[in-house]
Amino acid sequence: MRDAAARWIQHYITAWSSNEPDDIRALFTEDAVYFTSPHEAEPWRGRERIVEGWLAARDEPGDWLFEWKLLGVDGGRAFVQGLTTYQSDHRSYDNLWVIQLTADGRASSFTEWYMPRK
């Protein structure tokens with residue numbers, strides 16, 4: 001499962017870099033849920049809504065750097081620690097991702113935490 005999680009993260013970075021709807025769709029199951037924060041009252045539900053939400057909040061390619069470490073896996077659940085740094089305004093965020101992967105390597109649930117780094 002560690003290899004599947006690492007592949008998924010690499011595909012996520014590809015989608016983040018391209019903002020191509022097909023790259024985003026490929027990450028998620030049809031009925032996936034994407035939480036932009038752990039207690040999000042209105043998560044993005046369903047692959048097409050995820051694509052819409054992603055594109056509405058997209059980061060521009062080349063404006064960010066992302067470093068990550070796979071902290072562990074538990075069954076199909078992966079835990080990722082990251083650091084996102086934006087080139088244009090020098091903002092940085094510590095990230096924690098929880099990804100629920102299916103047997104085919106797509107995410108059925110994705111939750112992200114991001115905290116500004118001082």
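At 5% relative accessibility, Y12 counts as buried, where buried means under 20% relative accessible area, exposed over 50% and partly exposed in between, with a 1.4 Å probe and protein chains only. I begin with this residue and shall return to its ring in a moment.

First, the conventions. The model is a predicted one, in which local features need pLDDT of at least 70 and side-chain atom pairs count only at pLDDT 80 or more, whereas totals for chains, interfaces and linings use all residues. Residues are numbered from 1 along each chain as its sequence is written, and side-chain values use heavy atoms, with hydrogens and water left out.

Let us turn to the sheet. Helices (H or I, at least four residues) and strands (E, at least two) are DSSP runs, numbered from the N terminus, and two strands pair if DSSP finds at least two bridges between them. In what order do the six strands of the open sheet lie? The order is 2-1-6-5-4-3, with mixed pairing. Strand 2 and strand 3 (64–74) are the edge strands, each pairing on one side only. Strand 4 (residues 77–86) and strand 5 (residues 92–101) run antiparallel and are joined by nine bridges. Within strand 5, S92 stands opposite T85.

Two helices pack on this sheet. Helix 1 touches strand 1, strand 3, strand 4, strand 5 and strand 6 (107–116), contact meaning heavy atoms within 4.5 Å. The direction of helix 1 makes about 155 degrees with that of strand 3; axes are lines fitted to C-alpha atoms, for helices over the stretch in contact, and angles run from 0 to 180 degrees between N-to-C directions. Helix 3 touches strand 1 and strand 2, and its direction makes about 45 degrees with that of strand 1.

Which residues of helix 3 (residues 47–56) are buried? They are R47, I50, V51, G53 and W54. These buried residues pack against helix 1 (2–18), helix 2 (21–25), strand 1 (28–35) and strand 2 (44–45).

I now come back to Y12 and the aromatic residues. The whole structure holds 16 aromatic pairs; rings of Phe, Tyr and Trp (its six-membered ring) pair if their centres lie within 6.5 Å, and planes under 30 degrees apart count as stacked, over 60 as edge-to-face and the rest as tilted. How are the rings of Y12 and W16 arranged? Their centres are 6.0 Å apart and their planes stand at 75 degrees, so the pair is edge-to-face. Both residues belong to helix 1, four residues apart, about one turn of the helix. An α-helix has 3.6 residues a turn, so residues three or four places apart point the same way. W16, at 8% relative accessibility, counts as buried. Ring pairs link a cluster of W8, Y12, W16, F28, Y34, W44, W54, W64, F66, W97 and F110.

Next, the salt bridges, each defined as a side-chain nitrogen of Lys or Arg within 4 Å of a carboxyl oxygen of Asp or Glu. The count by this rule is seven. One of them joins R25 and E48, at 2.8 Å from N to O. Because R25 lies in helix 2 and E48 in helix 3, this pair ties together parts that are 23 residues apart in sequence. R25 is partly exposed at 25%, and E48 is partly exposed at 36%. A further salt bridge links R117 with D94, their closest N and O atoms being 2.8 Å apart. R117 lies in the segment after strand 6 and D94 in strand 5, so here too the parts tied together are 23 residues apart in sequence. D104 and R106 form another, with the closest N and O atoms 2.9 Å apart. Shared partners join D22, R25 and E48 into one network of salt bridges.

Most residues other than glycine have a negative phi. N19, in the loop between helix 1 and helix 2, has a positive phi near 55 degrees. H90, in the loop between strand 4 and strand 5, has a positive phi of about 65 degrees. Are these two residues buried or exposed? N19 is buried, with a relative accessible area of 9%, whereas H90 counts as exposed at 64% relative accessibility.
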